[in-house]
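Please read it alongside the sequence and the coordinates.

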Amino acid sequence: MQYSSELIQTMRQALETVMASVPSHQSVFGLKAAVAEYILKAAAHGQTSYDGLVASASDQIQAIVSMLT
């Protein structure tokens with residue numbers, strides 16, 4: 001799937017915002033890649049707003065951390 005440069009920038013900003021909110025004790029190996037993958041999937045399903053991407057990825061942090069540990 002191709003994304004516009006604006007959407008790519010929005011996804012990058014959302015990823016950085018979500019990662020900045022993760023407490024250090026939850027920052028496990030592979031977390032950033034897994035969150036990025038979740039953001040890509042959300043965008044592929046039509047979620048293209050910054051706030052929407054941040055909210056949906058933030059809601060999944062616990063599940064992602066559990067999956068990776």
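This is a predicted model: local features need pLDDT of at least 70, side-chain atom pairs count only at pLDDT 80 or more; totals for chains, interfaces and linings use all residues.

Residues are numbered from 1 along each chain as its sequence is written, and side-chain values use heavy atoms, with hydrogens and water left out.

**Overall fold**

- The protein chain has four helices and zero strands, in the order α-α-α-α from the N terminus; helices (H or I, at least four residues) and strands (E, at least two) are DSSP runs, numbered from the N terminus.
- The radius of gyration of the protein chain is 12 Å, close to the 11 Å that the globule rule gives for 69 residues, so the chain is as compact as a globular protein of that length. This radius is taken over C-alpha atoms, and the rule is 2.2 Å times the number of residues to the power 0.38.
- Along the principal axes, the C-alpha atoms of the protein chain fill a box of roughly 35 × 20 × 15 Å.
- Of the 69 residues, 33% count as buried (buried means under 20% relative accessible area, exposed over 50%, partly exposed in between, with a 1.4 Å probe and protein chains only).
- Among contacts (heavy atoms within 4.5 Å) between residues at least 6 apart in sequence, 68% join residues at least 24 apart.

**Nonpolar core**

- The largest nonpolar core has 19 residues, and those with the most contacts inside it include Met11, Val35 and Ile61. Such a core is a set of buried Ala, Val, Leu, Ile, Met, Phe, Trp, Tyr and Cys residues joined through side-chain atoms within 4.5 Å.
- Helices α1, α2, α3 and α4 each supply at least two residues of this core.
- Leaving aside neighbours within four places in sequence, Val35 is in contact with Leu15, Val18, Met19, Ala57, Ile61 and Ile64.

**Helix α4**

- In α4 (residues 61-68), the buried residues are Ile61, Ile64 and Val65. Seen down the helix axis, they fall within an arc of 100°, so they line one face of α4; the arc is that of the directions from the helix axis to the C-beta atoms.
- On the other side of α4, Ser66 and Met67 are exposed.
- The cover over the buried residues of α4 includes α1 (5-20), α2 (31-44) and α3 (50-59).

**Gln26**

- Gln26 sits in the loop between α1 and α2 and is buried, with a relative accessible area of 12%.
- Not counting residues up to four places away in sequence, Gln26 touches Leu31, Ile61, Gln62 and Val65.
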